[in-house]
Amino acid sequence: MATRTPVYFLSHGGPNIMFDHDHPAYLKLGQIGREITGKVKPRAVVVFSAHWQAGKDHVEVNNAEITDLIYDFYGFPGHYYKETYPNVGSKEVADKVLGMLGNAGINARGVKRGLDHGVWASFKCAFEPDTNPLNVPIVQVSLFKTEDPIQHYKLGQAVSALRDENILIIVSGMAVHNLRDLQFTWGNPQPLPYTVSFDEALKDAVTTAPGDRERAMAELLKRPDARQAHPYFDHLLPIHIGAGAAGDDVAKRLWTLKEGSMSWAQFRFGEVGNSSSSL
């Protein structure tokens, strides 16, 4: 009998991580990917990325079977914009997500959209196509275009039942993400003070007992270092979706690396069981 799939939060970094094969984050994403393909064995993946926000009162679901990649980054070498990542969507899974959101009273619509780099660049590290292909449909869902942690927590709750159907939920963002300060830390891995303090506060909130987790994670946004760690909360809110989808499952920080104005913390909600890979 299949167990519930876990929920993963991936700190995805910039597209350059795809080529930095010696970086600890590249290696850790690959390790997580092998755990997913080797032990979780989902039949599909539903993913939320920081790089897609729909509207204040609605979300969008990619219901296309075949789409192009979105190269939503700027100022990188030309070959970055020729990168590929093999993927297929699933109208069946997208319709399932749309139904769950509707049942939860969330306004949602299906759209045709490619995968943004918050998905495909990190997936290329985790699920390297030649050595560890994912080989299951990927359906991306947007965030709301708000900074409301409770709204996003409820978004995760609305799709939590996907986990009972051997569908894996991945949320992609960044534990600490301050691009403005990146210029001051480039080439120096020493973390800034707010990187350290917020990364540990995030761990404490995410690993809070499930009954208190929603409140603890909402309080994160009120911390005095929150706007330093995240001038915009778009890269933080995916983990609120993941926590909502986790339900009563406990969370574990799998790994972290505090680096300048960034943190690469990776989290898993729930345990890795022997989920069935059959439809």
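A residue is called buried when its relative accessible area is under 20%, exposed when it is over 50%, and partly exposed in between (1.4 Å probe, protein chains only).

Residues are numbered from 1 along each chain as its sequence is written, and side-chain values use heavy atoms, with hydrogens and water left out.

Colour the chain by pLDDT, the predictor's confidence in each residue, from 0 to 100. The average for the protein chain is 95, and 97% of the residues score at least 70.

Next, select residues 274–279, where pLDDT stays under 50. Where pLDDT is low, the predicted coordinates should not be read in detail.

Now display the cartoon: the protein chain has nine helices and 11 strands. These are DSSP runs, numbered from the N terminus, with helices (H or I) of at least four residues and strands (E) of at least two.

Finally, select Pro129, in the loop between helix H3 (117–126) and strand E5 (138–143). Is Pro129 buried or partly exposed? Pro129 counts as partly exposed, because its relative accessibility is 23%. Show its contacts (heavy atoms within 4.5 Å): leaving aside residues up to four places away in sequence, Pro129 touches Tyr85, Pro86 and Lys124. Pro86 is 43 residues from Pro129 along the chain, yet their C-alpha atoms are separated by 7.3 Å.

Technical notes. Predicted model: local features only at pLDDT ≥ 70, side-chain atom pairs only at ≥ 80, totals over all residues.
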